[in-house]
Amino acid sequence: MARTVWDSSVGKKTVMAVSGLIMLSYLVVHMLGNLKIFFGSDEFNGYAHWLRTIGEPFMHYEWTLWLVRIVLVVAVIAHGVSAYQLSRRDIKARPSKYVHKKPRASYATRTMRWGGIILALFIVWHILDLTTGTVHSGGFQEGRPYQNVVDTFSTWYGNTIYIVAVLAVGMHIRHGFWSAAQTLGAGSRARDRALKAVANVLALVLTCGFLAVPVGVMTGVVS
Amino acid sequence: MKLTLRVWRQKNADAEGAMSTYEVDNISSDMSFLEMLDTLNEELILRGEDPVAFDHDCREGICGACSLVINGDAHGPERTTTCQLHMRSFKDGDTIDIEPWRAAAFPVIKDLVVDRSAFDRIIQAGGYITAPTGSAPEAHATPVPKPDADLAFEHAECIGCGACVAACPNGAAMLFTSAKVNHLNVLPQGAPERETRVLDMVAQMDEEGFGGCTLTGECATACPKGIPLVSITGMNKEWLRATRKVKR
């Protein structure tokens, strides 16, 4: 069965849908967690510490966190590899363009591929910036995420990269969530408007939620 | 009406093609688009030139033979087949671009004619029912619930013209295949091959080199018979169900 799924264009699209939904549900939690920054340094740093102690004493320190990370890495790779292979197939299936060109599909639909590439690059930067601290501006302090976040959003490039990525993720979800529903066979005529509305609300809420943090730092609400 | 036509001319499958410009005059707004092309071809023949090759058959909008991308739209600006498109949809002095269906799985044979036999092979893979043939059975022998009959009929409207493939930025045949799958899978007559039908037809579709679905919705917009985009969702659902049920 796994072979049938992976070898088929419809099956590979299913892999994209499922991995996309896994990442989407993570993003919702991530966004909500980020907003704790507005309750001050102690609460935010305490929340970050709690993330490492989830499941204790059954789980060891950071085990749950690593479990989540592994699931996410698998989802990102599955999503990326199937997107790459499907895109290759799509481009090959339409080798010659029409001479008479027309604007097609919505902006969110047309930018799925570039948006995905932007997001993949962003994830790398984001981890190097705020998880490992490798490319962090100023002194990165392990266990002091509040200060690290303020540092990142005190630089023009930190804000720019982040805002571009957040807008890209919003667009990606707008088309992606609804598409995933169609791919998994959950869409129907009766449900179509509701699904599109949920996709738009999810995209908007996530975009605004994620943007709140850099905007908070820029306006001095978080410092 | 006086029109400028820019038509894709290509000698054969291996030749390089290009757009050629022609002027046509005395076009009546009551003419169909194909009759307008007939007028052009008569002139070309009189001038001793090679007429423009294009597919057509019934000219009633039911056979699915005609296949032109007109000003970037499969079957032109109206939601119908090219043969049922009339020149009243255009204005005097218009320039009209006429191109063949574009997809790797639909290679150009000559000018505006493409080879659509990939569709036939998708049908051969599962677009049929194993029923005893002969005289038509009594209509009430197999009861079909009304909503199912309506759904099947809606999808049975597909004439296999390939406009969905032509309009799709990925050259995908998802709408065509899903129309056939939904049409037969919803009916009791199609039940014995319900799983193998969708698996085999999707596999054949992939093998023919059609692209995948990115849900742009271009196919459903172009479809002259109004097969809805949700048809693809229905096929995805059938495919996932079949993958779970059938051990391969």
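These legends go with a set of close-up views of a predicted model.

**View 1. Where chain A meets chain B.** The contact draws on 38 residues from chain A and 46 residues from chain B. About 3300 Å² is buried between chain A and chain B, with carbon and sulfur atoms giving 54% of that area. Polar links show up here too: 20 residue pairs are in polar contact across the interface of chain A and chain B, both partners at pLDDT 80 or more. On the side of chain A that touches chain B, the elements giving two or more residues are helix 1 (2-7), helix 2 (9-34), helix 4 (63-93) and helix 8 (156-183) of chain A. Helix 8 of chain A gives the largest share, six residues. Sorted by class, this side of chain A has 12 nonpolar, 15 polar and 11 charged residues.

**View 2. Salt bridges between the chains.** There are three salt bridges between chain A and chain B. In one of them, the side chain of Arg189(A) meets that of Glu154(B) at 3.1 Å, N to O. Arg89(A) also forms a salt bridge, with Asp206(B), and here the closest N and O atoms are 3.8 Å apart. This pair joins two chains, because Arg89(A) lies in helix 4 of chain A and Asp206(B) in helix 6 (residues 194-207) of chain B. Arg89(A) is partly exposed, at 25% relative accessible area, whereas Asp206(B) is buried, at 8%.

**View 3. Helix 7 of chain A under cover.** Six of the eight residues in helix 7 (residues 145-152) of chain A are buried. They are Tyr146(A), Asn148(A), Val149(A), Val150(A), Asp151(A) and Thr152(A). The cover over them includes helix 3 (41-53), helix 6 (112-130), helix 8 and helix 9 (192-218) of chain A.

**View 4. Around Ser231(B).** Beyond neighbours within four places in sequence, Ser231(B) is in contact with residues including His155(B), Leu175(B), Ala179(B) and Asn182(B).

**View 5. A salt bridge linking two loops of chain B.** Arg116(B) and Asp55(B) form a salt bridge, with the closest N and O atoms 3.1 Å apart. The pair links distant parts of the chain, 61 residues apart: Arg116(B) is in the loop between strand 7 (113-114) and helix 2 (117-126), and Asp55(B) in the loop between helix 1 (33-46) and strand 3 (69-70) of chain B. Arg116(B) counts as buried at 13% relative accessibility, while Asp55(B), at 22%, counts as partly exposed.

How values were computed
Residues numbered from 1 in each chain as written. Chains lettered and ligands numbered in written order. Predicted model: local features only at pLDDT ≥ 70, side-chain atom pairs only at ≥ 80, totals over all residues. Heavy atoms only, no water. Contact = heavy atoms within 4.5 Å. Buried area = accessible area lost by both parts, 1.4 Å probe. Salt bridge = Lys/Arg side-chain N within 4 Å of Asp/Glu carboxyl O. Polar contact = N/O pair within 3.5 Å; in protein donor to acceptor, adjacent residues only side chain to side chain. Helix = DSSP H or I, 4+ residues; strand = E, 2+ residues; numbered from the N terminus. Nonpolar A, V, L, I, M, F, W, Y, C, P; charged D, E, K, R; others polar. Buried < 20%, exposed > 50% of the residue type's maximum accessible area, 1.4 Å probe, protein only.
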